[in-house]
Amino acid sequence: MNPVDAATPTERRLLQSVVEVARHAFGAAASSIFLIDPGSGDLVFEAVAGEGDGRLVGTRFPAGTGIAGWVAASGQSMLVDDLRESRHFSGEAAASTGYVPDSIMAAPLFSEDECVGVLEVLDRGANGVREMADVELLGLLADQAAIGLELLTRLRAADPGMRSDKALRLLEMAESLLARSHG
């Protein structure tokens, strides 16, 4: 599966719902999901809520760029409350998006054992004082995004003649729920 190619409108709505929940849950200025293009290794914005919403989807950064690049390469979550202190932060990449945050929290998205993307939250709200609990919650949201994305892409990739009635109903239900939640 190519996660970037797999991002159909339904998968994008799923990812968009995840970044909107993450932004709301953390009272953040923005949240985004990058998927890794397996051909180039680039990090590609697939969903954005808050700062940059509506103009960053499809924007690419080379593999290894910034905090998202480090999280994708290491497969580990990261929380940095003062980005001036981080050697992994790329101020140049952030400036190119039109928004330079003060803090970032990021978690990897795994498909089986492979990191396929990164969920980020930028500038958590004033209530962001539960650092380890916040990182764990972000990791759970990243897991849900990865599982939902994998389920949708597997159902879609299956030969339509070979899909079970139950699988087809699940796909239709997921598409219906996501369409209703995002218009």
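Trainee: In the hairpin of β5 and β6, which residue takes a positive phi?
Mentor: E112, with phi near 55°. Two residues sit between the strands of that hairpin. Strands here are DSSP runs of E, at least two residues; helices are runs of H or I, at least four; both are numbered from the N terminus. Keep in mind that this is a predicted model: local features need pLDDT of at least 70, side-chain atom pairs count only at pLDDT 80 or more, and totals for chains, interfaces and linings use all residues. Residues are numbered from 1 along each chain as its sequence is written, and side-chain values use heavy atoms, with hydrogens and water left out.

Trainee: How many bridges join β5 to β6?
Mentor: Eight, and the two strands run antiparallel. A107 has L119 as its bridge partner in β6. Strands pair if DSSP finds at least two bridges between them.

Trainee: And β1 with β6, in which sense do they pair?
Mentor: Antiparallel, over six bridges. There, L35 stands opposite G117 in β6.

Trainee: Why is β6 called largely enclosed?
Mentor: Because eight of its nine residues are buried. Buried means under 20% relative accessible area, exposed over 50%, and partly exposed in between, with a 1.4 Å probe and protein chains only.

Trainee: What does L138 touch?
Mentor: F26, M105, A106, A107, L119 and V121, leaving out residues up to four places away in sequence. Contact means heavy atoms within 4.5 Å.

Trainee: New topic: T65. Buried or exposed?
Mentor: T65 is buried, at 18% relative accessible area. T65 lies in the loop between β3 (60-61) and α2 (66-74).

Trainee: Which residues is T65 in contact with?
Mentor: L43, S90 and A93, setting aside neighbours within four places in sequence.

Trainee: Last one. Where does L177 lie?
Mentor: In helix α5, residues 165-182. L177 counts as partly exposed because its relative accessibility is 45%.
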